[in-house]
Amino acid sequence: MTRRELAKLAAAGSAAFLPAAARAAAEDQYSGPLEGVETKVDAAAFDPVLYTRKLYESAPLRLTFRAQNRKQAEAWQKRLRAKIAELLGGFPAKPSALQPQTLDVREFPGYRREKFVFESRPGMLVLGYLLTPHGSAPPHPAMICIPGHGRGVDDIVGIDAQGRDRTDKPGYQHDFAIQVVEHGMAAVAIEPLAFGCRRDPLTRAKGAEATACQPSAGAALLLGETMIGWRVHDVMRAIDWIETRPELDARRVGCMGISGGGTVTTFAAALEPRLRAAMISGYLNTFRDSIMSLSHCIDNYVPGILNWAEAYDVAGLIAPRPLFVESGIKDDIFPVEASKASFARVKKVYEVFDAAPVIQQEVFNDVHSFYGVQGLPFLAQHLGRS
């Protein structure tokens, strides 16, 4: 009996209730060119994901963490940082002028919100919001906040799809920049390249949640660079901008993000020593179990990285600075077991630096989303010290 015949039998009970046209289509369903010859070939040998996972088993990971003491760990970090920066496509040797501009200022019961722009590279503007708390004296510690895929930075600073202010913190990102300011820190929330207002006209025409990652991240790869590298550079320039603001303490700057924002946070904190703390939400995992096994946006990929390191090695470059990681038990994008295993690998780096007390993970009972219950107090504790 063929697969088509089995399908017809399985569907027989319900097919009677289908319209005639739908019933005819179901009866004529074609499973593909292997139909009827399944026993003559190894069907698994046609599976590209299975093939790449087998290749993963022999990935060199030449610079994975093996250090036994702090001196070796520092030497490892130096080598891997240089390699990661190279793989991302490098960074401009000399920063251009920021040319900052304030666009708008709003006052809210607990904080002040300023909309601003600065130039990250010649001809490339970054839009952001600065949220500063009313209840504490400047200079404030500042968290650079990076949203994940969605409407962009508006979706973490309390602005709904119609441009109106909201107070209910909906969606998977839960307006976490507002939560930062509610914990006594300033939030510097920046628009990632290819999100929100930083999109091309064709993408904008598709709606507020459509991202321009596909054309722009693909272009980056054609140019020998990466979207991650471009976004990390924006974070570096955001720190430059913070250094120009007297109400912010440039000695107490951290970075945080959910999902794609967690990707940027991981790489930025790994490469930028001015970031004194980091919170990675819904990202820390293995490449094998996340972007190598499931469908993800092209902006996640760094050519050749598995020749040198896994994601937990990149996160290990943040040591010994405070790091908080959170993962949802029901996260079907970054599987929780791989997140926990990756965290354990990063913690070993911290242990070699004698810094285990400043790395924590919270696993919460929810889907792919920002949580912040333990993470925000952790950041306030570690950045709140002058």
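The following legends describe close-up views of a predicted model.

**Figure 1. The nine-stranded sheet.** An open sheet with mixed pairing is built from nine strands in the order β1-β2-β3-β5-β4-β6-β7-β8-β9. Its edge strands are β1 (101–107) and β9 (359–364), each of which pairs on one side only. From one strand to the next, the twist averages 20 degrees. Strands of a sheet pair through backbone hydrogen bonds, in either a parallel or an antiparallel sense.

**Figure 2. Strand β4 and its two partners.** Strand β4 pairs with β6 (residues 248–258) in the parallel sense over six bridges, and Gly-257 of β6 is the bridge partner of Ile-146. With β5 (residues 186–190), β4 also pairs in the parallel sense, here over four bridges. In this pairing, Cys-145 stands opposite Ala-189 of β5. A right-handed β-α-β unit is made by β4, α5 and β5.

**Figure 3. Burial of strand β4.** Seven of the seven residues of β4 are buried, so the strand is largely enclosed by the rest of the structure. His-140, Ala-142, Ile-144 and Ile-146 point one way from the strand. Pro-141, Met-143 and Cys-145 point the other way, and the residues of both groups are all buried. Ile-144 is also one of the residues that touch the most other members of the largest nonpolar core.

**Figure 4. Strands β6 and β7 with helix α9.** Strand β6 pairs with β7 (residues 275–281) in the parallel sense over six bridges, with Gly-254 standing opposite Ala-277 of β7. Helix α9 (residues 260–271) packs on the sheet and touches β4, β6 and β7. The direction of helix α9 makes about 150 degrees with that of β7.

**Figure 5. Helix α11 over strands β8 and β9.** Helix α11 (residues 336–352) lies across β8 (323–328) and β9. Relative to β9, helix α11 runs at about 170 degrees. Strand β9 is an edge strand of the sheet.

**Figure 6. The nonpolar cores and Phe-267.** The largest nonpolar core holds 70 residues, of which Ile-84, Ile-144, Val-188 and Phe-267 touch the most other members. Helix α8 (residues 227–242) supplies the largest share of this core, eight residues. Another core, of 30 residues, lies apart from it and has Tyr-129, Ala-177, Ala-187 and Leu-383 among its members. Leaving aside neighbours within four places in sequence, Phe-267 is in contact with Ile-84, Leu-88, Ile-228, Val-232, Tyr-283, Val-302, Ile-305 and Val-314.

**Figure 7. The surroundings of Asp-175.** Asp-175 lies in the loop between β4 (140–146) and α5 (176–182). Its relative accessible area is 0%, so Asp-175 is buried. The side chain of Asp-175 reaches the backbone nitrogen of Gly-158 at 2.9 Å. A polar contact, also of 2.9 Å, joins this side chain to that of Arg-166. Apart from neighbours within four places in sequence, the residues in contact with Asp-175 are Asp-154, Asp-155, Ile-156, Val-157, Gly-158, Arg-166, Lys-169 and Pro-170.

**Figure 8. Two cis peptide bonds.** Most residues other than glycine have a negative phi, and most peptide bonds are trans. Pro-138 and Pro-139 are joined by a cis peptide bond with omega of about 0 degrees. Pro-139 belongs to the loop between β3 (124–133) and β4. The peptide bond from Ala-319 to Pro-320 is likewise cis, with omega near 5 degrees. Pro-320 is found in the loop between α10 (311–316) and β8.

**Figure 9. Two non-glycine residues with positive phi.** Leu-61 is not a glycine, yet its phi is positive, at about 45 degrees. Leu-61 is placed in the loop between α3 (48–56) and α4 (70–87). Because buried means under 20% relative accessible area, Leu-61 counts as buried at 14% relative accessibility. Ser-259, in the loop between β6 and α9, also has a positive phi, near 60 degrees. With a relative accessibility of 10%, Ser-259 counts as buried.

Note on methods. Residues are numbered from 1 along each chain as its sequence is written. This is a predicted model: local features need pLDDT of at least 70, side-chain atom pairs count only at pLDDT 80 or more; totals for chains, interfaces and linings use all residues. Side-chain values use heavy atoms; hydrogens and water are left out. A nonpolar core is a set of buried Ala, Val, Leu, Ile, Met, Phe, Trp, Tyr and Cys residues joined through side-chain atoms within 4.5 Å. Buried means under 20% relative accessible area, exposed over 50%, partly exposed in between (1.4 Å probe, protein chains only). Contact means heavy atoms within 4.5 Å. A polar contact is a pair of N or O atoms within 3.5 Å; within protein, one must be able to donate a hydrogen and the other to accept it, and residues adjacent in sequence count only if both atoms are side-chain atoms. Two strands pair if DSSP finds at least two bridges between them. A crossover is right-handed if, with the strands pointing away from the viewer, the path from the first strand over the helix to the second runs clockwise. Axes are lines fitted to C-alpha atoms, for helices over the stretch in contact, and angles run from 0 to 180 degrees between N-to-C directions.
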